[in-house]
Amino acid sequence: MNIKGNYPFTLLVSALVAIGGAFSTALSQTIDSRVRLNSAGFLPGFPKKATVAAEFTKFWLYEAPNGTTPVYSEGTVSEPFNNTDTRENGLRIADFSDFNTPGRYFLRTNNTAVGKSPEFTIGNDVFTEPFRAAMLGFYLWRCGAAVSAAYNGRSYSHGACHKDDGSLKYYVAGRDDGTGNKDGVGGWHDAGDYNKYTVNSGAAVAFTLKAWEHFWHILENTPLVSVPNSGAIPAYLAEVKWNLDWVRKMQFSDGRVSHKLSTLNFGGEIMPESESATRYYAPWNTMATASFVGQMAIAARIYAPYDGVFAARCLGQARISYSALMDTAFVRHTQAPFLTGEYGGSGDTDKRLWAAAEMWETTGEPGFLEYLESRLPNMDVYITWSNVSTVAALTYLNSRREGRNPAKVERLRADLIGVADELITVAAAHGYARVLGSNSYFWGANGSLAGTAYVFHSAYLQTGDPKYRHAVQDAAAHLLGRNYYGRSFVTGVGHNPPTSPHDRTSTASRTPWPGRLIGGPHSDKNGAPTAITNCASPATCWFDDSRDYWTNEVAINWNAPLAYTLAALMPGADTYPARPYPGQTVETEVSVNHNAKPKKASAGKNGATRVVRARGDGRLDIPAGAKVYGLNGKLIARKLNAGSKMPVINRNGVYLIKIEGLKD
Ligand SMILES: [Zn+2]
């Protein structure tokens with residue numbers, strides 16, 4: 001009786017709570033996938049933008065998780081934006097670039113039908129943890145040993161795997177040598193499968209060691225998950241060395257290098273220690289041999305300060321293979337009966353250039369420079385396993401060795417800046433600031449998108465212009481949530497990351513392994529499942545499905561540029577001019593060509609005085625007769641006549657340039 005009598009009252013209270021809860025949830029708790037931004041966050045002083053696939057005219061930022069009073073309301077909203085690749089009309093961009101207060105926030109628009117954004121952080125170190133996750137991705141790819149890591153409350157481990165690598169049965173194409181095994185244990189598993197491919201390792205080694213060259217002073221102080229320093233070798237280099245120790249084993253005594261160490265067919269969705277099928281060395285070819293030289297040559301100089309014996313062995317092996325390479329035109333043997341990753345190609349020119357570039361930078365011997373300079377490539381936007389010519393070009397351009405042809409250096413420098421500026425223009429015309437624009441969708445396009453960071457940062461090292469660092473953040477933003485899906489493309493990082501990557505450890509353990517960039521949407525329909533062939537546009541062709549290796553696989557050659565991108569945004573990455581890395585040979589001063597280069601003064605009233613912002617440690621390119629003053633009126637430097645040296649400006653600051661002989 002009493003119970004019955006109380007029922008209506010109880011129900012009424014419950015109903016009120018439910019309504020109140022629902023109302024509050026709709027306003028402040030629901031993350032709306034139409035609000036798309038970099039969920040890792042933003043750096044103070046950098047542009048900050050979100051793309052919203054809905055109408056609105058005003059927006060606010062609130063403190064996460066439950067702020068109700070706006071902390072920022074001054075942002076601008078773009079005109080409606082029609083995006084061609086995603087076939088979306090009426091995208092709007094919320095710009096809060098002038099909000100720089102460190103903290104954790106969410107964004108809400110004045111369209112009450114649209115929920116809030118994912119939370120994001122503004123701070124100097126927002127990319128440090130994503131970087132550590134990307135490096136954990138590499139550690140968990142280790143082959144030949146057990147791995148174990150705890151990360152974000154979960155643990156990930158596999159047992160020692162592939163301890164029998166590998167058989168020589170197919171090393172020589174078309175013949176069964178039957179000469180037993182050769183030690184090939186170690187390295188990183190390549191991708192969603194557990195095989196190991198020399199040429200693809202080349203792309204991963206290039207990006208990870210270029211990241212060291214540019215950001216070593218940050219990386220040497222960044223602790224990694226599960227990877228300690230190894231004696232004198234910093235943890236970061238210890239992780240890369242795990243792979244290099246295997247790469248060294250792919251060489252044969254005549255200098256030729258096997259293309260891959262692989263099962264004949266792709267294995268099942270099992271943990272690596274359960275894969276027992278025999279793995280074989282594939283026949284050698286010149287692509288693998290050239291890539292091997294590039295990997296060994298760069299390793300020789302990077303590891304020299306930490307492990308002289310290892311460095312010397314790398315250089316010795318590089319020399320042997322370089323000789324074998326130069327004795328031979330392009331060679332490519334059939335890969336039958338292998339059905340695993342082909343990593344083929346129609347030539348080896350790019351890899352020969354990379355080999356020569358790294359050999360020259362490491363040794364300074366003129367023969368390598370001669371080979372390289374007589375074949376210098378143009379800068380290419382795309383750096384992939386199949387084309388590392390831009391890595392060769394940038395090794396040459398970023399070098400501080402003597403002996404380069406100044407005209408070739410200047411041509412390449414202008415080429416680099418032209419390419420980087422073009423990418424920035426392309427990003428500005430895209431609703432999600434995709435630096436590869438609307439047309440470049442191919443297998444692993446996300447990896448190439450990350451690879452642009454190396455182009456941008458190299459442009460920054462040549463000019464000191466922060467717009468190139470902003471472009472790196474645009475690339476990172478697209479990969480971490482400012483995209484059509486409003487999702488991070490990196491497992492375990494950012495908002496709503498991939499849950500079912502094509503990755504055997506993830507599938508077999510039924511949990512996505514962290515820190516891995518998926519290949520992303522693309523239009524390659526060759527043998528693709530129906531879902532892809534039916535896509536309205538390539539940009540909308542991504543499926544978070546473990547069976548979909550077309551768009552949802554992970555790979556070391558995509559993770560390496562991701563690690564580079566994130567390192568380029570960590571505190572201290574803006575060091576300019578670049579600090580020499582340990583062991584780098586520095587024979588020439590950094591040549592700084594300032595963006596603030598004055599144009600010829602017009603005869604106008606104020607035409608003879610220009611205000612420029614200069615960065616330290618550089619020569620100012622000014623016309624004869626010009627004097628440079630500080631803002632306090634003090635004469636800093638002058639150029640007497642056309643034959644005089646350019647004045648050197650030693651401090652960052654704003655200066656007045658006055659040109660004698662013209663009226664003020
Ligand atoms: Zn393995």
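**View 1. The buried residues of helix 4.** In this predicted model, the residues of helix 4 that count as buried (20 or more other C-beta atoms, placed from the backbone, within 10 Å of their own) are Ala235, Tyr236, Leu237, Glu239, Val240, Lys241, Trp242, Asn243, Leu244, Trp246 and Val247. Because eleven of the 13 residues are buried, helix 4 is largely enclosed by the rest of the structure. These buried residues pack against helix 2 (128-139), strand 11 (196-197), helix 3 (198-219) and helix 5 (286-302), where helices (H or I, at least four residues) and strands (E, at least two) are DSSP runs numbered from the N terminus. Residues are numbered from 1 along each chain as its sequence is written. Local features need pLDDT of at least 70, and side-chain atom pairs count only at pLDDT 80 or more, whereas totals for chains, interfaces and linings use all residues.

**View 2. The span and bend of helix 4.** Helix 4, residues 235-247, reaches 19 Å from its first C-alpha to its last, close to the 18 Å expected (1.5 Å times one less than its number of residues). At lysine 241 the helix bends by about 30 degrees, the bend being the angle between axes fitted to the seven residues ending there and the seven starting there.

View 3. Strand 9 (residues 147-151) pairs with strand 10 (residues 154-158) in the antiparallel sense over five bridges, pairing requiring at least two DSSP bridges between the strands. Tyrosine 151 has arginine 154, in strand 10, as its bridge partner. Two residues lie between the strands of this hairpin, and asparagine 152 in the turn has a positive phi of about 50 degrees.

Methods:
A residue is buried if 20 or more other C-beta atoms lie within 10 Å of its own, exposed if 12 or fewer, and partly exposed in between; C-beta atoms are placed from the backbone. Two residues are in contact if their C-beta atoms, placed from the backbone, lie within 7 Å.
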